[in-house]
Amino acid sequence: VVMEAASFVGVDVNTASQCLLRRVAGLSETKAANIIEWRRLNGPFVNRDQLKEVKGIGAKTFEQCAGFIRIQPETAVSKLSSSGGNKKSGFNYLDQTWIHPESYSIAKLLIKDCGLDVKNIGTREFMSAIKVYATQDFGSLAKKLKTDETTLEIIIKGLSVARDYDIRAQNSAPLFRNSLRSIDDLKVGSLLSGEVRNVTHFGAFVDMGVGKDGLIHVSQFKGEILKIGQRVDVEVKSIVKEQGRIGLGLIKSY
């Protein structure tokens with residue numbers, strides 16, 4: 001249940017325990033402990049960018065974990081009230097969503113095009129307006145926003161669901177093998193089923209029920225367009241246990 005929550009709901013970095021944080025893609029036991037220590041010394045995180053200040057979290061780790069980290073205004077409130085408008089410590093409302101920071105500029109353009117205020121993310125009116133906007137031709141919208149249709153779809157989904165949305169509610173059928181519980185149970189060549197958790201410019205993260213999401217690099221997509229929530233069959237291509245990294249190859253998507 002803990003590993004599923006980290007993968008499908010996201011983790012509030014200001015309330016999550018070390019045990020929960022280490023389930024996030026890219027975060028090891030040590031990095032999770034460093035996040036807790038940063039929080040103890042500096043107070044709550046106000047934005048995802050502050051993760052880069054944590055010892056051991058460089059550009060690569062940030063790229064992997066950012067889409068799974070959530071920062072809610074309720075848990076960042078003590079820092080917000082004392083930030084004095086400091087740009088570096090300013091709250092970013094997109095940090096509540098599963099949208100990756102690499103796509104924020106496009107998300108902001110989309111929100112502006114809808115005539116909406118980013119502060120209202122998650123409200124019924126905001127979500128309804130986004131869903132109406134999404135009824136337009138995706139190809140035309142993608143060109144207008146200077147992006148691709150896959151990225152556009154991820155952004156629209158991220159903006160049109162409630163903040164506490166749990167994709168697991170859509171999928172009740174068993175997906176994972178009972179014999180596989182952790183990264184230690186995996187071997188190169190293992191064949192598994194999983195579910196796409198996030199899609200970025202460099203690949204797709206897949207939850208396989210082993211406590212760490214594996215990464216299908218974009219070079220392994222075989223021309224397919226993977227989507228969040230999609231079921232896939234994969235082959236384990238590489239394992240780096242010390243860093244909690246699992247490389248996957250796509251066999252089939254559903």
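**View A. Strand 3 is largely enclosed by the rest of the structure, because nine of its 10 residues (191–200) are buried.** Buried means under 20% relative accessible area, exposed over 50%, and partly exposed in between (1.4 Å probe, protein chains only). Strands (E, at least two residues) and helices (H or I, at least four) are DSSP runs, numbered from the N terminus. The model is predicted: local features need pLDDT of at least 70, side-chain atom pairs count only at pLDDT 80 or more, and totals for chains, interfaces and linings use all residues. Residues are numbered from 1 along each chain as its sequence is written, and side-chain values use heavy atoms, leaving out hydrogens and water.

**View B. Strand 3 pairs with strand 6 (residues 231–240).** The sense is antiparallel, over five bridges. Two strands pair if DSSP finds at least two bridges between them. Glu195 has Arg231 of strand 6 as its bridge partner.

**View C. Strand 3 and strand 4 form a hairpin.** Two residues lie between them. Strand 4 (residues 203–207) runs antiparallel to strand 3, joined by five bridges. Here Val196 faces Val206 of strand 4.

**View D. Helix 3 covers residues 29–42.** Its 14 residues should span 20 Å at 1.5 Å a residue, which agrees with end C-alpha atoms 20 Å apart. The expected span is 1.5 Å times one less than the number of residues.

View E. Lys31, Ala32, Ile35, Trp38 and Arg39 are its buried residues. They cover an arc of only 115° around the axis, so they lie on the same side of helix 3. The arc is taken from the directions from the helix axis to the C-beta atoms. Thr30, Arg40 and Leu41 are exposed on the other side. Just after helix 3, Gly43 has a positive phi of about 90°.
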